[in-house]
Amino acid sequence: MNFAPAPAAAIEDRAALRLVVSLALGLAVLRLVVLWIGAMPLYLDEAQYWFWGQDLAFGYFSKPPLIGWAIAGTTALCGDSAACVKAASPIAYGIAPIFVYLFARNLFGVRVGLLSGIAFATLPGIAFSGFIISTDPLVLTAWVGALWAFERALALRGAKWWMLTGLFLGIGMLAKYAMAYFLVPAAILVALQPRGRRPVGGFLLAVAIGLVVLSPNLVWNALTGFETFKHTAANASVGQHVGNIAGVIDFLGDQVAILGPIFAIALLALLVRPRGLFRDPGIRLLAWFSLPILGLLIAQAFLSRAHGNWAAVAFPALCVLIVAALVRLDYPRLLRAALWFHAGAFAVLAIALAVGHVPFLGLTRQTDPFRWIRGWDVLAKEVEALRLADPDHPLAVITTERGATAELIYHLRDSGALIRRWSPEGTPPEDHFAMVLDLADAKGCDAVIVSRRNSLPPDLAAAFTALGPPAEVTMRPYADPKGTYYLFVGRGFGGTPESAGSCRSITRTGRRL
C-alpha cells in the first residue's frame, strides 16, 4: 500500500502519467467538440441546473450547490448554448482519471495505475455521463481525489494528506450528498490499522475540514427548512415497496451497463472465486470502498427503489479492483478485450451524439434514443407564438409541472416572459421552481397555461376570469403521450388585470423587470 516508484522506475512513471493525462484531456476535448457539433438539447434536469446557475445560492431544492456554480462558470466563459451548459462534465472527467492513475499506482505499481486510468476514462457509464451535465462527474472527481489523498494519509501519516482528504470530502458533498458514503469505509479502515498506529486524529481532522467546506450549504438548509435533506430522504423512501425484485434486477442491469459486460462478468467471477485476492491489503481497501456501497443500494432497491447512478461512487475503486485482479491473475487478453470494447462503445456513442440521431428507418417512441430531449424547442416556439399573439400585451406563462417549467425558462431565457410554476395552494413545494418563483407575481396577468392534460385542475381553472379551449401541441415527430402538451389562454389570473409591463420578467432569475 506504500508503493512509490524507485528512481529506476521514475521515467516509466512519468511516461505513464503523461499518457493518462493526454488520454484524459484528449477525451475531454473530444467530448466538447462532439457537444458543439451535435448541439444536443438539454434534458429537463439539465435545463433546471442551468436555471440554478443563473441565480447562485448555497443550495437548491434537490441538490447541493456545486453543479449550479459549475454551470455559472462555464456559461460565463462561452455562453448559454447546450454545449457550454454541459462543459463542466468533460472537464471533470478530464481530471478524474489522473487521480485514478495516482491512486492505483500507489497501491499496485505503474502498470496497474496506467491500465486503471485508461479503464476508468473509457468505462461505458463514464463515457455516457461525460456527455451530460449532472452531479455525478463532479462528485466522482472529488471521490477519486479523496481516495488518493486518503491512501497517502494512511501510508505516509502526514497531516497535509488528512487535510487534503477533508477538502475533497467537502467539495464532493457540495456536489452530491452521496459523498458521505466515503466516511464509512474510511472509518473502518482507520479502525483496522494496527493498535497504537490508528490515525483517529487525522481522520477527525478530515471530517472537520469536510464539514467546514460544506457548512454554507448546511446553513442554507437550516434557513430553508432543510428542503434538500427532505427531498433526499423522500427519494430514498425506504420500506415503500418491500420485495421490489424487479427494481433489484433493473438496478443490477444498470450496473452491468456502467461497467460493461466483460468487467461485470469478471467481477462476478472474482466474487464467486476470489483465489485469495482479498488477502492483499490494496484489494481489501478497494473492496471496502466499493462492495458495501453496492450491497447497500441493492438492499435499497429491494426495500424501495434505487436509480442506477446512485452507486456511481463505488465504481472508481471497483474499476481499479477489477484491473488489479486481472493483472494479478494474468488475464491480459481479457483485460485488452474489455478496454477495446469500452473504446468502441465510446466511439459509437460519440459519433451518434455528433450526428444527432441514430439512422433508423423510422423514429418511434420505442426506437428514438433521444426521445427525452427531443421537441422542447417546438413547445417553446408554440408557447412564444401564443404569448405574443398581441405584441402590445404579451402574456405570462404558467406551467403545471417541473419539466416544462425548466425547459421553457431555458428556451425563452431572452424573451422577457414571466414564467411561473403553479402548484395547489397549501401544498409544500415539489421542486425548486415552486420554492423560489412567486406565483403571486402573475396575479392579474393574462397567461398561457401549459399542461400535460386537456383539462386544468379545477382550482387553477377557477383562478382565471375567462379560459379558452386547449390547443394541442405535439413535440415529437411520432405519437408520444409524454410529448404532447395542451396550451390554454386564461384571462385575469387571480384578480385585477395588470398592465402589460408588469407581466414580464427576467426569466434567468425569475425576477420582474
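Predicted model: local features only at pLDDT ≥ 70, side-chain atom pairs only at ≥ 80, totals over all residues.
**Exercise 1. Is Asp 80 buried or exposed, and what is it in contact with?**

Step 1: find the residue in the loop between α3 and α4 (82-86).

Step 2: read its accessibility. The relative accessible area of Asp 80 is 16%, so this residue is buried.

Step 3: collect its partners. Beyond neighbours within four places in sequence, Asp 80 is in contact with Trp 50, Gln 54, Thr 75, Val 85, Tyr 410, Arg 413 and Arg 508.

Step 4: check a distance. Phe 131 and Asp 80 are 51 residues apart in sequence and 16 Å apart in space, C-alpha to C-alpha.

**Exercise 2. Describe how α2 packs against α3.**

Step 1: Two packed helices are described by the angle between their axes and the distance between the axes.

Step 2: apply them. The α2 and α3 axes come within 7 Å and cross at roughly 80 degrees. Therefore α2 is roughly perpendicular to α3. Axes are lines fitted to C-alpha atoms, for helices over the stretch in contact, with angles from 0 to 180 degrees between N-to-C directions. Angles under 35 degrees count as roughly parallel, over 145 as roughly antiparallel, 65 to 115 as roughly perpendicular and the rest as oblique.

Step 3: name the residues. From α2 come Tyr 49, Trp 50, Trp 52, Gly 53 and Gln 54, and from α3 come Ile 67, Gly 68, Ile 71, Ala 72 and Thr 75.

Step 4: sort by class. This contact has 6 nonpolar, 4 polar and no charged residues. Here Ala, Val, Leu, Ile, Met, Phe, Trp, Tyr, Cys and Pro count as nonpolar, Asp, Glu, Lys and Arg as charged, and the others, Gly among them, as polar.

**Exercise 3. Now treat helix α13 and helix α16.**

Step 1: the axes of α13 (residues 245-259) and α16 (residues 291-303) come within 7 Å, crossing at roughly 145 degrees.

Step 2: Ile 245, Gly 247, Val 248, Phe 251, Leu 252 and Gln 255 in α13 meet Leu 294, Leu 297, Ile 298, Ala 301 and Phe 302 in α16.

Step 3: by class, the contact has 9 nonpolar, 2 polar and no charged residues.

**Exercise 4. How many residues of α6 are buried, and what covers them?**

Step 1: α6 has 13 residues and reaches 18 Å from its first C-alpha to its last, close to the 18 Å expected at 1.5 Å a residue. The expected span is 1.5 Å times one less than the number of residues.

Step 2: 10 of the 13 residues are buried, leaving α6 mostly covered. Among them are Val 110, Leu 115, Phe 120 and Thr 122.

Step 3: the cover includes α1, α5, α7 (124-129), α14, α17 (315-328) and α18 (332-355).

Step 4: look at one member. Thr 122 has a relative accessible area of 8% and is therefore buried. Leaving aside neighbours within four places in sequence, Thr 122 is in contact with Leu 27 and His 342.

**Exercise 5. What is the phi of Ala 39, and where is this residue found?**

Step 1: most residues other than glycine have a negative phi.

Step 2: Ala 39 has a positive phi, near 50 degrees.

Step 3: Ala 39 is in the loop between α1 (10-38) and α2 (44-54), and its relative accessible area of 52% makes Ala 39 exposed.

Key
Residues numbered from 1 in each chain as written. Heavy atoms only, no water. Helix = DSSP H or I, 4+ residues; strand = E, 2+ residues; numbered from the N terminus. Buried < 20%, exposed > 50% of the residue type's maximum accessible area, 1.4 Å probe, protein only. Contact = heavy atoms within 4.5 Å.
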